Structures are given as structure tokens and as C-alpha cells.
Amino acid sequence: VQETTIVHNTMVNERGSGLFVKLNSDGKASLLQNNLLVGRGEMQTAGAVLLGNVATRDGGFVDPQHYDYRLTAGSEAIDAGIALDLTDFVDGAPAFEYEHPAGAAARSTRHRPDAGAHEFAAR
């Protein structure tokens, strides 16, 4: 069975318009869940299941000019996700998140999951 699963991603578009995702499921299982879409753009997702995605002009990031896309306390993405039920797609929730440059850090959810690639952690 072919399927597409796009879960817990942060997508940033710095242009005036654009396309974050273009997907025609054509009867196949497709899920887009808990993604953070920042900037101007749209998703074309015919037939896909869409849950807990957040589209915003400002992601509420620590330092996006230096690729630090961790969330700040005011981000719309905090607790905006929906608990994953991936039994029809893949197993498990994200255990790690990207740490710039080219690293990984443990990801844990305290309340509801945050949308995007990072879970907010008070500093």
C-alpha cells in the first residue's frame, strides 16, 4: 500500500506567495498532521486527511535568520497539535527534533503536542 505521511514539520516560505504542499492522494492513504506553515502559501491536498496544522505569517521563532526555529512562548503552534493516532499510517510519535546545525535533540510533549518540528521548552 502506498501512503504519504507528513507530520510535525515546520515549513517556512519567505516569498510573497507559494505552495507548501501539493498532493493528490488519488485514493491512497495520505495524512498531513501537526505541521507549522509560516509565511504566504497554500496546501493543495486533494483527498488527504488534515489535522492540527497551523498556518501563520509569523511562526514565533527564537532566531529564524540564523535557522533557529525553536518556538518562543508566544507562538501560535504551542499546544495546537492533535495527539497522533498513526495506526493506519506509521508507528509512534516524533522522539527527536532537529538541532542546528545537523544535530538532534530529544522531543517530549508535556500537554498537547505543538505543531511543527519543535516542541516548546521554557528556557
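The structure is a predicted model, in which local features need pLDDT of at least 70, side-chain atom pairs count only at pLDDT 80 or more, and totals for chains, interfaces and linings use all residues. Residues are numbered from 1 along each chain as its sequence is written, and side-chain values use heavy atoms, with hydrogens and water left out. The chain holds zero helices and twelve strands. Helices (H or I, at least four residues) and strands (E, at least two) are DSSP runs, numbered from the N terminus.

**Overall form**

- From the N terminus on, the order of elements is β-β-β-β-β-β-β-β-β-β-β-β.
- The chain is as compact as a globular protein of its length, because its radius of gyration of 14 Å is close to the 14 Å that the globule rule gives for 123 residues. The radius is taken over C-alpha atoms, and the globule rule is 2.2 Å times the number of residues to the power 0.38.
- The C-alpha trace spans about 45 × 35 × 25 Å along the principal axes of the chain.

**Burial, contacts, surface and charge**

- Of the 123 residues in the chain, 36% are buried. Buried means under 20% relative accessible area, exposed means over 50%, and partly exposed lies in between (1.4 Å probe, protein chains only).
- Among contacts with a separation of 6 or more, 48% join residues 24 or more positions apart. A contact means heavy atoms within 4.5 Å.
- The chain has 10 positive and 16 negative charges, whose mean positions are 6 Å apart. Lys and Arg count as positive and Asp and Glu as negative, while His and the chain ends are not counted. Each charge is placed at NZ of Lys, CZ of Arg, CG of Asp or CD of Glu.

**Parallel pairing around β4**

- Strand β4 is mostly covered, with four of its five residues buried.
- Strand β1 (residues 3-7) runs parallel to β4 and is joined to it by five bridges. Two strands pair if DSSP finds at least two bridges between them.
- Within this pairing, E3 has A29 in β4 as its bridge partner.
- Strand β4 also pairs with β7 in the parallel sense, over three bridges. Here L31 stands opposite V49 in β7.

**The β11-β12 hairpin**

- Strands β11 (residues 96-99) and β12 (residues 103-106) pair in the antiparallel sense over four bridges. The bridge partner of E97 in β12 is A105.
- The two strands form a hairpin with three residues between β11 and β12, and A102 lies in the turn.

**Residues with positive phi**

- Most residues other than glycine have a negative phi.
- N34 is not a glycine, yet its phi is positive at about 60 degrees. N34 is placed in the loop between β4 (29-33) and β5 (36-39).
- N34 counts as buried because its relative accessibility is 0%.
- A102, likewise not a glycine, has a positive phi of about 55 degrees. In contrast to buried N34, A102 is exposed, with a relative accessible area of 74%.

- Leaving aside neighbours within four places in sequence, G52 is in contact with N34, N35, A80, G81, I82 and A115. G52 and A115 are 63 residues apart in sequence, with their C-alpha atoms 6.9 Å apart.
- N13 belongs to strand β2 (residues 10-13) and is buried, at 16% relative accessibility.
- Not counting residues up to four places away in sequence, N13 touches G18, F20, V38, G39, R40 and G41. N13 and R57 lie 44 residues apart along the chain, and their C-alpha atoms are separated by 9.3 Å.
- S75 is found in the loop between β10 (68-71) and β11 and is buried, with a relative accessible area of 9%. Apart from neighbours within four places in sequence, S75 is in contact with G59 and G60.
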